[in-house]
Amino acid sequence: MTPEQLLAPPALPTLRAAVAGLPAYVPGRRSAGADIAALASNESHYEPLPAATAAVVEAAGTMNRYPDSAAVELRERLARHVGVTAGEIAVGPGSVGVLQQIITGLCDAGDEVVFAWRSFEAYPILVELAGARPVRIPLDEAEGHDLDAMAAAVTDRTKVILLCTPNNPTGVPISHERVEAFLETVPSSVLVVIDEAYVEYADAGSGPDSLALYRRFPNVCILRTFSKAYGLAGLRVGYAVAAPAIAEGLRRTALPFAVSALAQKAAIASLDAGEEMEARISLVRQERARMAAELEAQGWKMQPSQGNFLWIRADEHLQARLVDAFDGAGILVRAYQGDGVRITVVDPASNDRVLRLLAAHAA
């Protein structure tokens with residue numbers, strides 16, 4: 001060994017190329033300031049439902065024990081909620097955790113996952129982490145999914161297609177008729193995931209009847225979460241509805257004990273408090289409609305959002321100007337480089353601050 005080799009630092013283990021090249025997931029910005037309106041993360045601005053809080057307090061006394069890794073009680077309650085069997089339910093740490101189980105369970109290196117872009121930014125990260133290839137299909141002029149282009153992108157290597165409805169961050173849903181026609185063209189060997197993270201906020205009939213589609217097309221998988229309307233973002237629990245063989249595979253790929261006992265109990269309690277949650281959702285819908293109408297009157301070009309957020313398409317110059325203005329006003333929003341700005345709909349007073357600021361910057 002040469003003197004240079006003796007002095008050189010020891011070689012360290014190297015990350016996989018797929019990991020080293022991954023872009024970092026960018027969460028919504030946070031601030032503890034009392035006067036800051038945190039509208040960058042699409043979480044519920046309401047406190048957890050009282051029943052969910054009570055369930056967590058009760059379950060906290062047993063956190064020295066492992067949770068039920070199979071989440072039997074939660075899966076049975078979810079099965080009753082959506083009208084399927086517990087064998088068709090898989091759970092995970094948020095819908096993003098379940099999505100990772102889906103991609104891990106179905107994709108080998110070099111396989112393809114097709115999704116609209118821009119959409120949920122974790123999609124390409126999870127795909128690349130699995131060694132698969134993300135296939136991004138640009139949104140159409142109405143900020144929605146270009147299903148014709150997505151169908152044309154399917155190849156022999158396509159294993160999964162992701163449909164985000166309402167789409168994050170644009171809020172645009174996909175109609176039932178369009179999804180149904182799309183499914184008729186997709187090979188039954190391709191899993192079509194209907195990601196409905198925001199479905200509770202959507203107006204009735206605005207998006208697909210995913211359960212009806214699932215019953216007709218066994219290659220459909222429905223993905224939902226308790227992080228948004230149910231207000232459990234901090235506990236991390238989501239679920240999928242899929243054919244029994246697929247759901248079983250998702251349970252096999254899950255990290256053991258990934259959904260805590262507290263999260264399982266809180267999710268069950270939240271499902272049981274459906275009327276109270278629906279009242280909260282109704283207020284968000286009302287505020288969303290009020291804000292959208294006023295922004296359109298100001299001259300902003302808006303697409304009808306069915307999430308708990310609004311989307312303003314903006315080039316880099318306008319985006320920078322808006323973000324600087326929002327920051328200066330103590331309002332945190334989510335910017336997507338070169339595409340636009342997403343603003344979470346929250347309480348009326350905070351929403352009014354948004355409207356006043358945008359009025360000053362309208363074209």
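## Contacts and setting of Ser95

Beyond its neighbours within four places in sequence, Ser95 is in contact (heavy atoms within 4.5 Å) with Leu223, Arg224, Thr225 and Gly238. This is a predicted model, in which local features need pLDDT of at least 70, side-chain atom pairs count only at pLDDT 80 or more, and totals for chains, interfaces and linings use all residues. Residues are numbered from 1 along each chain as its sequence is written, and side-chain values use heavy atoms, with hydrogens and water left out.

Ser95 belongs to helix H5, which spans residues 94-106. Helices here are DSSP runs of H or I with at least four residues, numbered from the N terminus. The relative accessibility of Ser95 is 12%, so this residue counts as buried; buried means under 20% relative accessible area, exposed over 50%, and partly exposed in between, with a 1.4 Å probe and protein chains only.

Because its relative accessibility is 43%, Gly105 counts as partly exposed. Between Gly105 and Ser270 the C-alpha to C-alpha distance is 29 Å, and the two are 165 residues apart in sequence.

## Cysteines

The structure has zero disulfides, a disulfide being a pair of cysteine sulfur atoms within 2.5 Å. For Cys107, the closest cysteine sulfur is in Cys221, 12 Å away, which is too far for a bond. Cys221 is likewise in no disulfide, with the sulfur of Cys107 as its nearest cysteine sulfur.

Cys107 counts as buried because its relative accessibility is 7%. Cys221 is buried too, at a relative accessible area of 0%.

How values were computed:
Helices (H or I, at least four residues) and strands (E, at least two) are DSSP runs, numbered from the N terminus.
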